[in-house]
Every structure is written in C-alpha cells, then in structure tokens.
Amino acid sequence: MSNRAIAARTPGRPGKAAIAGLGMLLPGSVLILWQTLGHYGMISEMLFPTPYTIAQSFISLASTGDLWINLRISVIRALSGFLLGGGLGLLFGVLVGLFRRSEKLLDPSLQMIRMIPSLAVVPLFILWFGIGEESKVLLIAKGAFFPVYINTFMGIRGTDNKLFEVSRVLGFSRMQQILRLVLPAAVPNIMLGVRLSLGLSWLGLVVAELIASTSGIGYMMSDARQFADTPVVFVGIIIFAAAGLLSDTIVRLIERRLLRWRDSYQG
C-alpha cells in the first residue's frame with residue numbers, strides 16, 4: 001500500500017469537504033463583517049459598497065448581457081496572449097537550456113527585455129500596432145513569456161547529467177532526448193512557469209484594457225470609474241480574481257495528473 005493510500009486512511013485526517021469549508025472560512029468572515037459594517041454605515045458606501053450591492057450590480061450586468069460579452073472578449077485576449085507568450089517561452093527555454101551557445105547568444109538580451117516594465121512599452125505598442133487586438137495580445141504575451149522561459153530553462157539545467165550519459169549510451173537522438181528525457185524531467189518547473197504565466201496574463205490583460213480599449217472587463221471597470229459606479233468596479237475585480245483562481249486550479253489539476261507518479265508531501 002502506498003504512502004498516499006495510508007495517509008488517506010489515517011484517522012483524524014480532514015476530508016475534502018472540511019478542507020473546502022476551511023478555505024471558505026476567511027473570505028466568508030470578511031464578507032459578513034463587510035456587510036455588517038456597511039449596513040450600519042460604519043464604512044463609506046461610495047468607497048466600499050456592501051457585498052449585497054455588488055451582487056445586485058453583478059445580476060444587473062449579467063441580465064443585460066454586457067457582462068458576458070465583455071468577459072468573452074477578455075478571456076479570448078488573455079488566452080491568446082498566454083498561448084503566444086507561453087508557447088514561445090517554452091520553445092526558447094528548451095533552446096537555451098539545451099545549447100550553451102544559444103544561452104550565450106539569446107539569454108542576455110532576453111533578460112534585458114524582462115527587466116523592462118510592461119507599462120513602459122505600452123506607448124510603443126500603441127504606436128506600432130494601434131489600439132486594436134494586436135497590441136493587447138502582444139502586451140499580455142510579453143508578461144506570459146518569461147515565467148515559462150525561465151522555469152523551462154531551470155528545469156532542463158536541473159536534470160541529472162547521468163541521465164544524458166545513459167541516453168547517449170542507448171543511442172538516443174537529440175529529439176528523443178528532448179521528448180523522453182528533458183521535457184519529462186522539466187515538467188515540475190514547466191508547470192510552475194505555466195501557473196505564473198497565467199497569473200501574469202491576467203495582470204497584463206488588466207493593464208491592456210484599462211489603458212486603451214473599448215471592450216472587455218477592464219474597459220467596463222474603467223468606464224464605471226469615470227461615472228463613480230463603484231459596485232461595477234468591484235464586480236470586475238471579483239471576476240478577475242475568480243478567473244485567475246479558476247485557471248490556476250485547472251493547471252494544478254493537470255499538474256497533479258502529469259506528476260501522479262510523485263509521492264510528494266501533502267501537508
């Protein structure tokens with residue numbers, strides 16, 4: 001019997017329902033306190049609308065369809081930027097990780113680009129690509145590129161060199177080394193990079209839509225701010241938080257499936 005099975009049968013270990021309830025304890029307490037303070041006028045309704053008021057705004061936006069239209073546009077932008085940036089990050093990470101010459105040629109320039117804040121390149125992107133979808137997707141891709149690139153590089157360089165020696169003895173080609181040795185060994189680092197990249201994709205989406213956009217959740221928040229419609233701003237914040245949590249949860253489930261062979265510490 002595996003250690004995981006033994007741990008699952010250990011008396012006193014909390015079940016999934018208990019763990020889920022524990023996760024809801026803190027946000028639930030905050031919402032109750034927030035609603036109570038707002039109801040009795042102890043905090044400004046203008047600056048901090050109550051959760052009930054925010055829920056009403058959410059229902060109103062959902063019923064008119066504006067919320068779903070803007071959400072669909074934002075999701076497409078975030079996923080497009082993530083796939084472009086993350087895909088290039090994986091490609092360059094493998095290239096730089098496998099070949100020292102590629103590292104000397106590409107890594108210094110990529111590290112310099114990494115240090116440039118996204119806000120600093122927004123004016124250039126608008127000048128080069130306009131305010132259409134290209135500038136937004138590329139801005140998101142810039143943020144999504146580097147977590148995957150760096151973690152792929154570190155995963156490859158962290159692979160035990162003895163495995164490469166064994167692969168040479170077995171006569172593996174370079175492609176077989178990549179597919180059967182390098183990528184499987186680097187999967188934990190790559191999945192960490194994917195999680196970080198998804199988070200930065202949502203952050204890049206907010207920057208892109210708040211600065212130059214006529215649609216999307218970020219634009220909806222910016223438009224509401226101009227009219228002092230604070231509940232709608234909170235609706236946008238909650239949507240971004242929920243989308244980020246959902247995408248991270250999906251990646252964690254994929255990671256757990258890919259790494260099910262590891263008997264790691266569960267806490």
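Here is a short walk through a helix pair, a cavity and a salt bridge in this structure. The model is predicted, so local features need pLDDT of at least 70 and side-chain atom pairs count only at pLDDT 80 or more, while totals for chains, interfaces and linings use all residues. Residues are numbered from 1 along each chain as its sequence is written, and side-chain values use heavy atoms, leaving out hydrogens and water.

Let us start with helices H3 (residues 51–64) and H4 (residues 66–98), whose axes are 4 Å apart and at an angle of about 80°. That makes H3 roughly perpendicular to H4 (a word for angles of 65 to 115 degrees). Helices here are DSSP runs of H or I with at least four residues, numbered from the N terminus. In contact (heavy atoms within 4.5 Å), Phe58, Leu61, Ala62 and Thr64 of H3 meet Asp66, Leu67 and Trp68 of H4. By class, this contact has five nonpolar, one polar and one charged residues.

Next, look inside: the structure holds one cavity of 30 Å³ or more. A cavity is a set of points on a 1 Å grid where a 1.4 Å probe fits but cannot get out, and lining residues have an atom within 4 Å of a point. The largest cavity has about 80 Å³ of space. Ten residues line the largest cavity, with Val122, Ile126, Ser135, Leu139 and Ala208 nearest its centre. Helices H6 (118–129), H7 (133–157) and H9 (174–211) each give two or more residues to this lining.

Finally, Glu133 forms a salt bridge with Arg77, their closest N and O atoms being 2.8 Å apart (the cut-off is a side-chain nitrogen of Lys or Arg within 4 Å of a carboxyl oxygen of Asp or Glu). Glu133 lies in helix H7 and Arg77 in helix H4, so the pair ties together parts 56 residues apart in sequence.

Terms used: Axes fitted to C-alpha atoms, helices over the stretch in contact; angles between N-to-C directions. Parallel < 35°, antiparallel > 145°, perpendicular 65-115°, else oblique. Nonpolar A, V, L, I, M, F, W, Y, C, P; charged D, E, K, R; others polar. 1 Å grid on protein atoms, 1.4 Å probe; cavity = no way out; pocket = protein on both sides within 12 Å on 5 of 7 lines; lining within 4 Å. Points joined across faces, edges and corners; volume = space filled by probe spheres on them.
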